[in-house]
Amino acid sequence: MLIVMQPQSSEEKIQKVISFIKERGFEAHVSNGADHTVIGAVGRKVIDKRDIELLDGVSEVIRISSPYKLVSRVFKPEDTIIDVKGVKFGGNYIGMIAGPCSVETYDQVDATAKKLAEAGVRVLRGGAFKPRTSPYAFQGLGEEGLKILKEVADKYNMAVTSEVMEVNQIPMFLKYVDILQVGARNMQNFNLLKALGEIKKPVLLKRGLSATVEELLMSAEYIMAGGNREVILCERGIRTFEHITRNTLDVSAIPVVQKISHLPIVVDPSHATGLRDKVAPMSKASVAAGANGLIIEVHNSPETALCDGAQSLCPEEFSVLFNDLKAFATIMKKSF
Ligand code: PEP
Ligand code: MN
């Protein structure tokens, strides 16, 4: 249920409404818009909406039948803009994240990050805990990998994102990363989502391999219901009958999500296509479709990468692409 307050309602009136619904067993989630405040009442209790409509300062009470509430544009009409050390995702901003699939060595991350920083990238990616299909494949360096990422990122004044796989890893991640990434394979790890709802750092939530847009939004709802409002959605390709690319990039998910939700959506063209030469065209398509950001795999030596070399760009290719994308962004009246 959404309670829309009258424009310029006083804080006192807002607090009275919040107490009223809390006393009746609901959680209150407040969204302060440009001219009016919306209170999301989330709970399973039954309440007569007329009792709320009669409260001072209340303009309208809307029952929401859709399964997602806090992620919905009905709850928050304005785009959510998430700021990570000055890099913005959402609204008219496009955030760029780039870096290797996995952290392999200090020198590898340093060499890649140096070139990326020169190209203007300010958020570095890199997996330290890798969810690999085969248990015999490189599993990542673990905490050592996170330390390397942070050290290199600090050196070049960048922020860091890396994938967290388990609830008990969260305190460790909070020490090293600025955005906690939930991988496609964990999109419906509900215990992990609930735990990430309690932290105060942005979460990059990747769409599951076979997840619908609605399931992606419901997973975001888990995080937001815990109190964390900073969720960046990520379209990273879905599994279809087509095998010529690693996955099939669902470009239409961008405008579909943006209509339903205020949350930013970024695109990962690397995992979506699995092929280096497809990364540039799909990045451009994503920006043209309105993406709020991109996450692109870049390796200083893709041929020798321990993971996903075939889909990784070398820094020079990335740099050319990033310049092209800035021109596309201008056409879209957005900026990186
Ligand atoms: C990744 O970004 O490193 C990754 C494993 O991606 P995904 O979870 O989308 O497969
Ligand atoms: Mn990868």
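At what angle do helix α3 and helix α11 pack, and how far apart are their axes? The legends below start with that pair. This is a predicted model, in which local features need pLDDT of at least 70, side-chain atom pairs count only at pLDDT 80 or more, and totals for chains, interfaces and linings use all residues. Residues are numbered from 1 along each chain as its sequence is written, chains are lettered from A and ligands numbered from 1 in the order in which they are written, and side-chain values use heavy atoms, leaving out hydrogens and water.

**View 1. Packing of α3 on α11.** Helix α3 (residues 106–119) and helix α11 (residues 315–331) pack at about 25°, with axes 10 Å apart. Helices here are DSSP runs (H or I, at least four residues) and strands are runs of E (at least two), numbered from the N terminus. Axes are lines fitted to C-alpha atoms, for helices over the stretch in contact, and angles run from 0 to 180 degrees between N-to-C directions. α3 and α11 are therefore roughly parallel (angles under 35 degrees). Their crossing is right-handed (the near helix is turned clockwise from the far one by less than a right angle). In α3, Lys115, Leu116 and Ala119 meet α11 residues Pro315, Glu316, Phe318, Ser319, Phe322 and Lys326 (heavy atoms within 4.5 Å). Five of these contact residues are nonpolar, one is polar and three are charged.

**View 2. Packing of α10 on α11.** Helix α10 (residues 276–288) packs with α11 at about 20°, and their axes are 9 Å apart. α10 and α11 are therefore roughly parallel to each other. This crossing is right-handed. From α10, Arg276, Val279, Ala280, Ser283, Lys284 and Val287 take part; from α11, Glu317, Leu321, Asp324, Leu325, Phe328 and Ala329. The contact residues divide into seven nonpolar, one polar and four charged.

**View 3. Surroundings of ligand 1.** Arg125, Lys130, Glu163, Gln181, Gly183, Ala184, Arg185, Lys206, Arg236 and His271 surround ligand 1 (a heavy atom within 4 Å). Arg125 has a side-chain N or O atom 2.8 Å from a ligand oxygen. For Arg185, a polar side-chain atom lies 2.8 Å from an oxygen atom of ligand 1. For Arg236, the value is 2.6 Å, again from a polar side-chain atom to a ligand oxygen.

**View 4. Positive phi at Lys85 and Asn157.** Lys85 is not a glycine, yet its phi is positive, about 45°. Lys85 sits in the loop between β5 (82–84) and β6 (87–89). Asn157, also a residue other than glycine, has a positive phi near 60°. Asn157 lies in the loop between α4 (143–155) and β9 (159–163).

Conventions: Angles under 35 degrees count as roughly parallel, over 145 as roughly antiparallel, 65 to 115 as roughly perpendicular and the rest as oblique. Ala, Val, Leu, Ile, Met, Phe, Trp, Tyr, Cys and Pro count as nonpolar, Asp, Glu, Lys and Arg as charged, and the others, Gly among them, as polar. A polar contact is a pair of N or O atoms within 3.5 Å; within protein, one must be able to donate a hydrogen and the other to accept it, and residues adjacent in sequence count only if both atoms are side-chain atoms.
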